[in-house]
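I opened this notebook to record what I looked up in one structure. The entries follow the order in which I searched.

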Amino acid sequence: MSKDKRKQPSRGDWNIMPYSIPNNPLLWASVTCILTAIAYFPMLANGFTNWDDPSYITENPLLLGPDWGGIFSKPVMSNYHPLTVASLALNYQASQLSPFFYHFVDWILHILNTGLVFFLAFKLSNGKHLVGFITALYFGIHQMHVESVAWASERKDVLFTFFFLLSLLYYLRYLERPDWKIYLGVLALFVLSLLSKPAAVTLPIVLLLIDWYRGRELGAKNLWLEKIPFFALGLAFGLFTLQIQSENAIAEAGFYPSSQRVVFACFGFGEYIIRFFWPFPLSAIHPFPKPGVIPISFYPALLTSVATVATAWYFRKNKDIVFGLAFYTVNLVLVLQILTFGNSIISERYTYVPYIGLMFAIATSLEKCTWPKSVKNGVLGLLLLFALGLAMVSNKQVRVWKDSLTLWTKVIESYPDNHIARSNRGNYLANKLNRIEEGLADYNAVLKIKPDHVHSLENRAIIYLQQHKYKAGYADAEQIVRLHPNLPKGYFLRAFALINCKIQIKPLPITAAVSHFNPAMRKRASIAVRFTLMLKRTTKGRKTILTPPSRSTLKTATIIYSEPDVGTLCKIRPKHYRI
């Protein structure tokens, strides 16, 4: 009788899986990709939202043409990621502003990333199918990753991760067969990842973690020499990004005390671990606490951070656990709010890469543990059942990103007093759905929470002027000018309200009306000033009457200065603007 020469599964696979399960890694990867595709399929029916999508896609002038010079020279939303913007430009050339094709590209990239995660975990674990499968499955279907995939503006997340994972896989090939061509491939993929999102700056440290995990001597001279180009590029991109974001995205250091920012970092580190197992509430925004305040809700996450550090120390001789936790930490440390930025103390999209480390540590620990086979199979069954639950939640969560109404309503359900969510929902209700009163209600709610919120003041003033409530519009415009004296729109709205106000505030000559615009004129040639200068001035007796310019003149001004509010306001003009 001839011997069976079929390739035998690894010892770990023998202990936890039936022998009849195929060992083809491509088949395992395909299964994870198919399950991921099903979980995220509803996102293909989503539209755009008013959260960053206008700046990145629907109102981005760089996509027209496209402007390749601008794409590779101008930051967008305080970030330099030209490859991401270039991909959106290609999307625009192919499908204009059809949301389906933008979401389709993101969906495909996420599926590809899931397959790459499988092969990364598979190779790191020396060919353990189970490790690759569990790591990739949880990466693919986890609901904390929905924001990175279903939000059209987060193309940068899925794109940078695609090149990031390819670079790691090429590096593993380089370790197996050192060759300068493969090395250049690793470096080139790193550059593409950096050009997609600056978060890729962590890759050189991840390469060192892989060196340590694979048993390379960290004191070897060649090991550090080959990392010099990676660290140089990472440092250059990091400093450039810090310079860009310091102007707008990063809050002033004094806004939150140093001690509180340290607490923010510890909270985030533990909170993301908690949300790996229990991600609720899911929300596009998780607001900061008040300066100087540490809420009671922070304490479980702070204790989790301490427990995680203690676990890492206790298992410091276990390379699998240490590597997984280190991978998680390295890819998370830059977004732990030590330098506060953005509007959320934590953001679900920041877990897209870090969670690979957590799942790898869990999967390798399960595969190598010495529990009885029945116990292992039971734990595996629970993991798969839990994954099914995650997939069902993700399938529902991607629908939240259908439009701005569903997105911000979900945030308000979790954080009713969040002014950003209410302002953005009010904007969508009033301007897109023409549900003026509902939008006005959201603006009123915002201004009760945050009386100096300029966007809500502007939008409410415009609604009042559209409704011919000039006195109320004047009050909001006056508030804008007082709180934000450098914003020209405040002066425009104030002058427009005053000119149209039928209740005589006090006799003013024409020069006084024009003086409302003068501060804006000193700042820059704004549409507010131009609009005033276009008014036809006539005198009847002792009264000065301002007659509006012709519709063609107004249309030209609107086009030249790109102020959509001008066209909106001019539709409701009376016959005469009288002071």
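The entries below go from the whole chain to single residues.

**Entry 1: confidence.** I noted at the outset that this is a predicted model. The protein has an average pLDDT of 83, and 81% of the residues score at least 70. Over residues 1-19 the pLDDT stays under 50. It also stays under 50 over residues 503-579, for which I found 110 contacts beyond four places in sequence.

**Entry 2: overall make-up.** I counted 29 helices and three strands in the protein. Of the 579 residues, 53% are buried. I looked up the contacts between residues at least 6 apart in sequence, and 73% of them join residues at least 24 apart.

**Entry 3: salt bridges.** How many salt bridges does the structure hold? I found 17. One of them pairs Asp106 with Arg155, whose closest N and O atoms are 2.4 Å apart. This pair links distant parts of the chain, since Asp106 lies in helix H6 and Arg155 in helix H9 (residues 155-176), 49 residues apart. Asp106 counts as buried because its relative accessible area is 0%, and Arg155 is buried at 1%.

I next looked up Arg349, which forms a salt bridge with Glu147 at 2.6 Å between the closest N and O atoms. Arg349 sits in the loop between helix H16 (319-330) and helix H17 (354-368), while Glu147 is in helix H8 (residues 146-150), 202 residues apart. Both Arg349 and Glu147 are buried.

A further bridge joins Asp157 and Lys197, with the closest N and O atoms 2.4 Å apart. Asp157 is in helix H9 and Lys197 in the loop between helix H10 (180-196) and helix H11 (203-213). Lys197 is buried, with a relative accessible area of 13%. I also noted that salt bridges with shared partners join Glu147, Glu154, Lys156 and Arg349 into one network.

**Entry 4: Ser456.** I located Ser456 in helix H22 (residues 454-466). Is Ser456 buried or exposed? Ser456 is buried, because its relative accessible area is 0%, under the 20% cut-off. Its side chain makes a polar contact of 3.5 Å with that of Ser423. Beyond four places in sequence, Ser456 touches Ser423, Tyr443, Val446 and Leu447.

**Entry 5: cysteines.** I searched the whole structure for disulfides and found zero. Cys33 is buried at 16% relative accessibility, and Cys369 is buried with a relative accessible area of 16%.

How values were computed. Residues numbered from 1 in each chain as written. Predicted model: local features only at pLDDT ≥ 70, side-chain atom pairs only at ≥ 80, totals over all residues. Heavy atoms only, no water. Helix = DSSP H or I, 4+ residues; strand = E, 2+ residues; numbered from the N terminus. Buried < 20%, exposed > 50% of the residue type's maximum accessible area, 1.4 Å probe, protein only. Polar contact = N/O pair within 3.5 Å; in protein donor to acceptor, adjacent residues only side chain to side chain. Contact = heavy atoms within 4.5 Å. Disulfide = S-S within 2.5 Å. pLDDT = per-residue confidence, 0-100. Salt bridge = Lys/Arg side-chain N within 4 Å of Asp/Glu carboxyl O.
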